[in-house]
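Here are a few notes from my pass through this one.

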Amino acid sequence: MNILNNIRVALRALMANKLRSGLTILGIVIGVAAVVALLSIGRGATSNITSQVENMGTNLVTVSASRSFRPGMGGASQESTLFYKDYEAIAAKVQNIRKISPYYSTMTQVGTSNRTSTYSVIGALPSYLETNNLSIAQGRFITDEDNTSRTKVVVIGSTVASDLFEGLSAMGRTIKINNVSFEVIGVLESKGTSGFMSGDSSVIIPLKSGYARVFGSRAIYNGNYTLSGIYISASDSDSINTVISDVELVLRSQHKLGLNEDLPFSISSQEQMLSSLSSISNTMSIYLGAIAGISLIVGGIGIMNITLVSVTERTREIGLRKAVGAPQKAILFQFLVETMTLSLMGGILGALLGALIAWVFTFLGLITAKVTFDVILIAFSSSLLIGLFFGIYPAYQASKLRPIEALRYE
């Protein structure tokens with residue numbers, strides 16, 4: 001009996017019990033859909049993280065203070081302090097720097113007379129625009145004069161503008177940051193709000209204006225102004241490692257740390273960050289796929305159970321076929337084809353459903369899911385292997401039936 005005849009017989013047997021076959025296929029459909037949807041969401045998250053980091057530039061070096069969690073102290077607290085004078089020392093002593101931008105960031109209330117919400121308020125210098133690869137959509141960015149004069153001006157992200165002004169132009173309007181009035185002089189070009197490090201929800205003011213009017217005592221430690229971090233744009237990609245080494249030496253000197261002492265600061269390049277984040281994201285995708293794979297295994301168990309029932313119901317048919325000369329391998333192959341057909345149909349429907357779920361997530365703006373050919377192939381191949389694996393035992397049981405005993409079965 002050739003493969004086409006086997007498929008024809010398999011379809012006839014499956015159509016004889018439509019409801020049972022449909023419920024059996026449903027388990028595979030759910031499993032495959034879960035694999036496709038979750039892996040696509042994982043791929044989308046990886047792609048989004050990659051683009052977010054790459055948008056900040058590949059020559060960027062980030063310096064930040066180490067943080068740890070202290071129970072009973074309100075969550076994450078700063079273990080070490082990065083000072084404004086550390087930025088001044090780095091700017092003066094480290095070579096191969098194209099741009100350097102210190103910043104202080106805090107979450108605080110921002111609003112108008114009608115609307116108020118909490119945003120990330122960043123005190124920065126003019127160089128912050130270039131080091132973070134941001135662009136101005138309207139107006140201008142803060143200047144050195146704004147910073148020196150502690151001017152009450154602000155540049156806001158596109159999301160902040162739409163939230164606070166509901167489609168109206170934000171230029172020239174006044175917003176209150178921690179109850180201090182600031183004039184909007186610019187709106188950042190949107191770079192997408194999904195993921196992290198998005199400028200769309202940022203509120204940027206001159207750093208010295210922030211120290212003087214917004215941040216208060218929380219930005220001062222032992223009489224010195226503190227920073228949340230420093231962005232450094234290396235002159236070229238070949239200089240990144242040199243810049244990192246030189247910055248570390250300057251910070252050790254500033255904080256009187258020996259070469260063998262742990263540096264309480266994180267100094268990393270975008271390439272290192274991208275590699276670490278991609279590794280974490282890929283690991284999460286694998287875990288999500290493994291979790292979804294459990295549904296496939298459950299579906300495979302359902303296929304095995306139903307096939308065992310089918311073998312019992314068709315015992316006389318098997319005996320008759322053996323009596324007229326059907327070899328054992330023909331019976332084995334026939335039942336394997338039936339389980340594979342179930343898996344094939346479930347795999348096709350599941351792949352379509354999984355792609356639809358991923359599209360819905362993307363359409364709703366929850367996350368940009370990325371359905372790729374290899375994801376479909378992995379899910380589809382897994383469904384066929386599940387059908388083959390869980391179909392072997394019932395098929396073997398059917399092929400081992402003795403003709404005389406099978407014909408006597410009632």
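**Notes on the predicted model**

1. Start with what sits over helix H3: the cover on its buried residues includes strand E4 (82-83), strand E5 (97-111), helix H7 (207-213), strand E13 (224-227), strand E14 (229-234) and helix H8 (240-254). Keep in mind that this is a predicted model.

2. Which residues of H3 are buried? In this helix, spanning residues 84-93, they are Tyr 84, Asp 86, Tyr 87, Ala 89 and Ile 90. As background, an α-helix has 3.6 residues a turn, so residues three or four places apart point the same way.

3. Now the largest nonpolar core, which has 49 residues; Ile 156 and Ile 177 touch the most other members. H8 is the top contributor to this core, giving six residues. There is also a second, separate core of 17 residues, with Ile 25, Ile 28, Val 29 and Leu 342 among them.

4. Setting aside residues up to four places away in sequence, Ile 177 touches Thr 108, Gln 109, Val 110, Val 121, Val 154, Phe 182, Val 203, Ile 205 and Val 214.

5. Last, Thr 151, found in the loop that runs between helix H5 (144-148) and strand E8 (153-156).

6. Beyond its neighbours within four places in sequence, Thr 151 contacts Glu 145, Asp 146, Phe 182, Pro 206 and Ser 209.

How values were computed: Residues numbered from 1 in each chain as written. Predicted model: local features only at pLDDT ≥ 70, side-chain atom pairs only at ≥ 80, totals over all residues. Heavy atoms only, no water. Buried < 20%, exposed > 50% of the residue type's maximum accessible area, 1.4 Å probe, protein only. Helix = DSSP H or I, 4+ residues; strand = E, 2+ residues; numbered from the N terminus. Contact = heavy atoms within 4.5 Å. Core = buried A, V, L, I, M, F, W, Y, C linked by side-chain atoms within 4.5 Å.
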